[in-house]
Amino acid sequence: MAWPKDIGIKALEIYFPAQYVDQVDLEKFDGVAAGKYTVGLGQSKMGFCNDREDINSLCLTVLQRLLDRNNIKPEDVGRLEVGTETILDKSKSVKTVLMQLFEPLGCTDIEGVDSTNACYGGTAALFNTIAWVESSSWDGRLAIVVAADNAVYASGNARPTGGAGAIAMAIGPNAPLVFDQGIRASCMRHTYDFYKPDLRSEYPVVDGKLSIQCYFGALDECYRRYCLKTEKKHPGETVSLNTFDALLFHSPYGKLVQKSFARLAFVDFLNTPKEKISEELSDLKKFHDAKLEETYFDRDIEKAFINLSKTQFAEKTQPSLFVSNLVGNMYTPSVYSGLVSLLINKPIDQLAGNKVGIFSYGSGFASSMYSLTITKDISPGSALQKMISTLSYVKPQLESRERVTPDEYTRILELREKNCHTVPYEPSANIEKMFPGTFYLRSIDSLYRRTYERVPKLD
């Protein structure tokens with residue numbers, strides 16, 4: 001076949017549970033200072049799953065939505081890969097569960113399984129999928145990436161950084177969101193900043209300070225390598241924050257993203273020869289000789305560059321935090337919920353032709369930085385216009401969710417943890433409060449086999 005052109009995202013779908021806990025309520029419930037979660041973390045609401053939802057149902061729901069809303073026929077899908085760190089089975093992939101949407105129609109020639117590494121699994125699945133479309137194995141059909149997780153923590157400082165949700169992306173040629181080819185930077189290391197060694201529990205083991213250090217270290221290295229690769233491919237071209245019209249980050253919580261944007265501003269500052277630093281930035285010259293790896297927790301540098309970059313942050317990154325602020329950390333879908341947020345929060349004429357930088361991080365650790373370019377075609381009926389129109393449900397659904405008290409939220413998490421691997425099991429949550437068309441767990445039998453049904457769709 002002819003080499004495919006403009007490979008990218010042709011369709012995009014998001015799903016989040018129909019209930020949330022308010023972070024202000026949670027601050028009061030936890031007995032912490034007002035603003036610790038809302039201002040300190042930059043979060044306002046946190047979505048979560050009751051005992052009717054699990055990783056399989058999240059993925060079933062978002063995938064079915066993608067197929068339905070975009071009129072994608074199962075026979076037109078040649079690859080399906082899932083990125084998740086929410087593991088229910090050590091052998092059977094979530095992808096095989098999703099095949100029940102294809103198998104009844106005789107569509108079983110679909111490549112791909114699961115990719116797993118903390119919050120990076122969705123990006124790994126995406127890169128594998130791009131490679132398939134670019135390869136000699138591509139047969140002209142669409143590929144789909146599903147990224148989903150249920151992010152929950154034991155009671156304590158990390159609990160308000162949870163969340164839950166799913167993203168599905170249809171990948172193929174002639175896309176409105178085109179992956180920039182040839183420049184992609186990664187940083188992979190070994191560390192225990194966040195991990196899930198106890199398969200009897202949904203909760204991770206977290207070293208909070210180390211996790212932040214690893215995140216910043218990964219960002220520094222990926223940005224450095226992205227800059228070097230760009231300059232090598234395009235001699236004389238220098239990368240800075242000005243290179244990008246928008247920058248998306250994996251978002252454990254909003255404040256970390258703002259600090260990350262400021263950190264890139266700091267790196268740009270260090271990359272500027274001291275003698276070329278403008279007079280208005282002369283007060284910052286005292287930071288110019290700092291060793292980058294020694295500045296992860298330097299409050300003076302952090303504050304200075306947050307202030308310096310706040311205007312650019314508001315323009316290039318703040319719009320992408322809309323869903324994250326209201327749903328929380330979705331893990332693997334997190335950075336891609338930023339893409340949804342960007343598309344639904346900026347006028348289409350301001351998106352046309354934009355270059356979007358993307359930083360993905362997963363603990364353990366794995367990280368990458370890459371970019372995509374949004375089409376310039378914003379005419380009525382264009383692919384970009386259709387994509388944005390298809391996402392018009394996002395804001396109304398966020399507003400229609402049920403607000404759950406911290407007491408009830410805690411009870412639900414305790415119920416989930418208690419029955420994490422209980423069989424047989426019959427969930428008890430009320431399906432009538434779920435969004436129409438949502439898949440839910442009906443039961444788990446004595447052999448751990450899970451059965452799912454679907455909330456009826458509205459006519």
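**Cavities and a helix crossing**

Trainee: Which residues line the second largest cavity?
Mentor: Its lining is Leu248, Phe249, Ser251, Ser320, Leu321, Ser324, Ser334, Val335, Ser337 and Gly338. A cavity here is a set of points on a 1 Å grid over the protein atoms alone where a 1.4 Å probe fits but cannot get out, and lining residues have an atom within 4 Å of a point. This is a predicted model, with pLDDT of at least 70 needed for local features and 80 or more for side-chain atom pairs, while totals for chains, interfaces and linings use all residues. Residues are numbered from 1 along each chain as its sequence is written, and side-chain values use heavy atoms, without hydrogens and water.

Trainee: What volume does the second largest cavity have?
Mentor: About 40 Å³, taken as the space filled by probe spheres set on the points, with grid points joined across faces, edges and corners.

Trainee: And which elements supply at least two residues of that lining?
Mentor: β12 (246–249) and α9 (334–345) each do. α9 gives the largest share, four residues. Helices (H or I, at least four residues) and strands (E, at least two) are DSSP runs, numbered from the N terminus.

Trainee: How does that lining divide by class?
Mentor: Four residues are nonpolar, six are polar and none is charged. Ala, Val, Leu, Ile, Met, Phe, Trp, Tyr, Cys and Pro count as nonpolar, Asp, Glu, Lys and Arg as charged, and the others, Gly among them, as polar.

Trainee: What lines the largest cavity?
Mentor: Phe216, Lys259, Ala262, Arg263, Phe266, Thr295, Tyr296, Asp298, Ile301, Glu302 and Phe305. α6 (254–271) and α7 (299–316) are the elements giving two or more residues to that lining, and the largest share, four residues, comes from α6.

Trainee: How about the classes there?
Mentor: Six nonpolar, one polar and four charged residues.

Trainee: Switching to helices: at what angle do α5 and α6 cross?
Mentor: Roughly 40°, and the axes of α5 (residues 208–233) and α6 come within 11 Å. That makes α5 oblique to α6.

Trainee: Which hand is the crossing of α5 and α6?
Mentor: Right-handed.

Trainee: Last one: which residues does UniProt list for a domain?
Mentor: Residues 177–454, in an unreviewed entry, as "domain: Hydroxymethylglutaryl-coenzyme A synthase C-terminal". Over that range the chain is 40% helix and 17% strand, with the end C-alpha atoms 31 Å apart.

How values were computed. On a 1 Å grid over the protein atoms alone, a cavity is a set of points where a 1.4 Å probe fits but cannot get out, and a pocket is an open set with protein on both sides within 12 Å along at least five of seven lines; lining residues have an atom within 4 Å of a point. UniProt positions are given in the numbering used here, feature names are shortened, and annotations may be inferred rather than shown by experiment. Axes are lines fitted to C-alpha atoms, for helices over the stretch in contact, and angles run from 0 to 180 degrees between N-to-C directions. Angles under 35 degrees count as roughly parallel, over 145 as roughly antiparallel, 65 to 115 as roughly perpendicular and the rest as oblique. A crossing is left-handed if the near helix is turned anticlockwise from the far one by less than a right angle, and right-handed if clockwise.
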